[in-house]
Amino acid sequence: SRFLHSIEGMLHSFGENYMSSEMLFKVQSDDIKKIAERESCVIVGRCSDYVLRNHENMISVFFTATMEDRIRRVASRLAISEDEAIERINHEDRNRASYYNCFTGKEWGRAESYTFCINTSFFESEEQVVDAILKLIK
């Protein structure tokens with residue numbers, strides 16, 4: 001909620017509903033850094049691996065899965081057809097890659113950018129993925 005209040009304040013300071021991508025990235029990055037300095041946390045996305053790259057206790061995880069598993073999961077979760085799921089996945093992947101590549105100067109999804117890369121297709125449940133990550137961290 002603090003993050004949303006930061007954005008709302010920035011929007012009002014312009015007197016209109018406009019915030020550049022660069023400004024949004026700056027606000028998000030500042031909030032991510034403040035949270036990580038204050039407490040242990042899990043941050044999903046927002047280039048947090050890059051934003052916290054100099055944080056001594058930062059561990060980054062990139063999740064991937066086979067396209068078949070991704071299609072099945074998205075179609076089921078959103079109650080859409082497989083074709084719609086494919087379209088959605090491709091659209092989201094393009095957006096994520098564009099955002100990450102733009103603000104980090106790195107390539108989204110490349111293993112060298114992360115502490116761990118995990119193919120969730122090899123696990124039967126999300127709980128198993130969490131257990132694996134906890135074991136890797138220990």
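I began with M58, which lies in the loop between helix 3 and strand 1. Helices (H or I, at least four residues) and strands (E, at least two) are DSSP runs, numbered from the N terminus. M58 is partly exposed at a relative accessible area of 23%; under 20% is buried, over 50% is exposed, and partly exposed is in between (1.4 Å probe, protein chains only).

I noted the basis of the entries. The model is predicted, local features need pLDDT of at least 70, side-chain atom pairs count only at pLDDT 80 or more, and totals for chains, interfaces and linings use all residues. Residues are numbered from 1 along each chain as its sequence is written, and side-chain values use heavy atoms, with hydrogens and water left out.

**Entry: nonpolar patch**

I looked up I59, which is in the loop between helix 3 and strand 1 (61-64). I59 is partly exposed, at 38% relative accessibility. Together with V130, L134 and I137, I59 makes a nonpolar surface patch of about 330 Å². Patches are made of residues with over 30% relative accessible area and no salt bridge; like charges are joined within 9 Å, and nonpolar side chains (Val, Leu, Ile, Met, Phe, Trp, Tyr) within 5 Å. A salt bridge is a side-chain nitrogen of Lys or Arg within 4 Å of a carboxyl oxygen of Asp or Glu. Accessible areas come from the Shrake-Rupley method with a 1.4 Å probe; for residues, only the protein chains shown count as cover.

**Entry: charged patches**

I found a surface patch of negative charge where E68, E82, D83, E84 and E87 gather. Helix 5 (residues 82-104) gives the largest share of this negative patch, four residues. E87 belongs to helix 5 and is exposed, with a relative accessible area of 60%.

I then turned to the positive charge: R73, R77, R88 and R96 gather in a surface patch. Helix 4 and helix 5 each supply at least two residues of the positive patch. R73 lies in helix 4 and is partly exposed, at 39% relative accessible area. Lys and Arg count as positive and Asp and Glu as negative, while His and the chain ends are not counted. The place of a charge is NZ of Lys, CZ of Arg, CG of Asp or CD of Glu.

**Entry: aromatic rings**

I recorded six aromatic pairs in the structure. F62 and W108 form an edge-to-face pair, 5.4 Å centre to centre with 75° between the planes. This pair links distant parts of the chain, since F62 is in strand 1 and W108 in the loop between helix 5 and strand 2 (116-119), 46 residues apart. Rings of Phe, Tyr and Trp (its six-membered ring) pair if their centres lie within 6.5 Å; planes under 30 degrees apart count as stacked, over 60 as edge-to-face and the rest as tilted. F62 is buried, at 13% relative accessibility, whereas W108 is partly exposed at 24%. Ring pairs join F62, Y100, W108 and Y114 into a cluster.

**Entry: positive phi**

Most residues other than glycine have a negative phi. I noted that R46, which is not a glycine, has a positive phi near 55°. R46 sits in the loop between helix 2 (21-38) and helix 3 (48-51) and is partly exposed, with a relative accessible area of 39%. A79 also is not a glycine and has a positive phi of about 55°. A79 is in the loop between helix 4 (67-78) and helix 5, and A79 is exposed at 71% relative accessibility.
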